[in-house]
Amino acid sequence: MKIGFLDSGIGGLTVMATAIQMLPGQDYLFMADNLHVPYGTKSKEEVRAYILEAVETMVGEGMDALVVACNTATSIAVAELRTMYSFPIVGMEPAVKPAVEMNRKTGKRVLVFATPLTLQQPKYYALVSRVDDEGIVDSLPLPELVHYCEELQFDKSIMSDYFRSKLADYDLDRYGMIVLGCTHYPFYKGLLREILPPHIQIIDGNVGTVKRLMALLSRVGMVGGVRSGSVRFMCTGNDAAYIEKTRTAFELISENNVQNEEIMNE
């Protein structure tokens with residue numbers, strides 16, 4: 001089985017790394033839409049067109065299932081994609097529901113980090129309205145963070161200053177959970193653990209997304225059988241340098257194993 005992962009850039013690698021841990025032995029195809037990254041600062045109409053074009057290219061590579069490994073792309077195009085293709089398609093949404101449920105007894109608030117476009121979508125507002133009956137969820141747009149990640153900017157001093165400036169107006173004693181609502185953001189999970197108060201937990205939607213993928217594949221009889229376990233990287237710009245950067249980022253996320261703790265705690 002060949003499972004495709006689509007993101008605007010390298011962020012979706014954090015989801016694919018989780019899938020490889022939880023669903024090993026399959027073939028994986030990663031597509032980065034590097035010609036148009038980041039999605040989170042563009043219009044809905046632009047992003048929709050980019051996604052449809054990228055998925056069409058991936059279909060030509062013979063994928064059997066697709067994970068739209070981007071919260072922004074999911075909110076804009078996943079419903080349409082499901083009407084266009086018969087193979088299993090899984091999207092993402094910020095892990096607001098589990099964060100609220102896990103945090104409910106603490107009496108503290110939940111803070112969602114996300115791209116501006118994700119936070120502007122009706123789907124996000126519907127999600128928060130559905131699960132946040134006590135009004136404890138706040139949202140913080142981080143439009144620059146995808147760019148930092150795409151540039152492999154992981155210098156602790158620079159990024160610590162960035163996060164501290166963004167959080168300067170927040171009383172962190174009031175918060176018990178931070179939701180990483182963009183697949184790029186888990187690259188900074190280790191750093192965030194260092195600079196946030198120890199009582200704050202950090203959650204993302206990667207494990208939940210892969211669980212939904214596994215359940216859907218099982219339901220349609222596609223679980224089972226082992227392929228070569230290959231991982232192929234593509235990008236819309238057919239840029240060898242960007243693909244090499246993607247490989248580097250994948251090695252980094254795999255070495256750091258930022259998903260391991262959540263998987264082991266499931």
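Let me begin with helix 2, residues 44-59, and helix 3, residues 71-84, which in this predicted model pack at an angle of about 45°, their axes lying 9 Å apart. As for handedness, the crossing in which helix 2 passes helix 3 is right-handed. On the helix 2 side the contact is formed by Lys 44, Val 47, Arg 48, Ile 51, Leu 52 and Val 55, and these meet Ala 73, Ile 76, Ala 77, Glu 80, Leu 81 and Met 84 of helix 3. Sorted by class, that contact comprises 9 nonpolar and 3 charged residues, with no polar ones.

Turning to the strands, strand 1, residues 2-7, has 5 of its 6 residues buried, so it is largely enclosed by the rest of the structure. Strand 1 pairs with strand 2, residues 27-32, in the parallel sense over 6 bridges, and Asp 7 has Ala 32 of strand 2 as its bridge partner.

I will finish with the open sheet of 4 strands, which has the order 6-5-7-8 and parallel pairing. Strand 6 (137-141) and strand 8 (201-204) stand at its edges, and because each has a single partner strand, one side of each is left without a neighbour in the sheet. From one strand to the next, the twist averages 25°. Strand 7, residues 175-180, pairs with strand 8 in the parallel sense over 4 bridges, with Ile 178 standing opposite Ile 202 in strand 8. Finally, helix 4, residues 96-103, lies across strand 5 (109-114), strand 6, strand 7 and strand 8, and runs at about 165° to strand 7.

Definitions and conventions
Residues are numbered from 1 along each chain as its sequence is written. This is a predicted model: local features need pLDDT of at least 70, side-chain atom pairs count only at pLDDT 80 or more; totals for chains, interfaces and linings use all residues. Side-chain values use heavy atoms; hydrogens and water are left out. Axes are lines fitted to C-alpha atoms, for helices over the stretch in contact, and angles run from 0 to 180 degrees between N-to-C directions. Helices (H or I, at least four residues) and strands (E, at least two) are DSSP runs, numbered from the N terminus. A crossing is left-handed if the near helix is turned anticlockwise from the far one by less than a right angle, and right-handed if clockwise. Contact means heavy atoms within 4.5 Å. Ala, Val, Leu, Ile, Met, Phe, Trp, Tyr, Cys and Pro count as nonpolar, Asp, Glu, Lys and Arg as charged, and the others, Gly among them, as polar. Buried means under 20% relative accessible area, exposed over 50%, partly exposed in between (1.4 Å probe, protein chains only). Two strands pair if DSSP finds at least two bridges between them.
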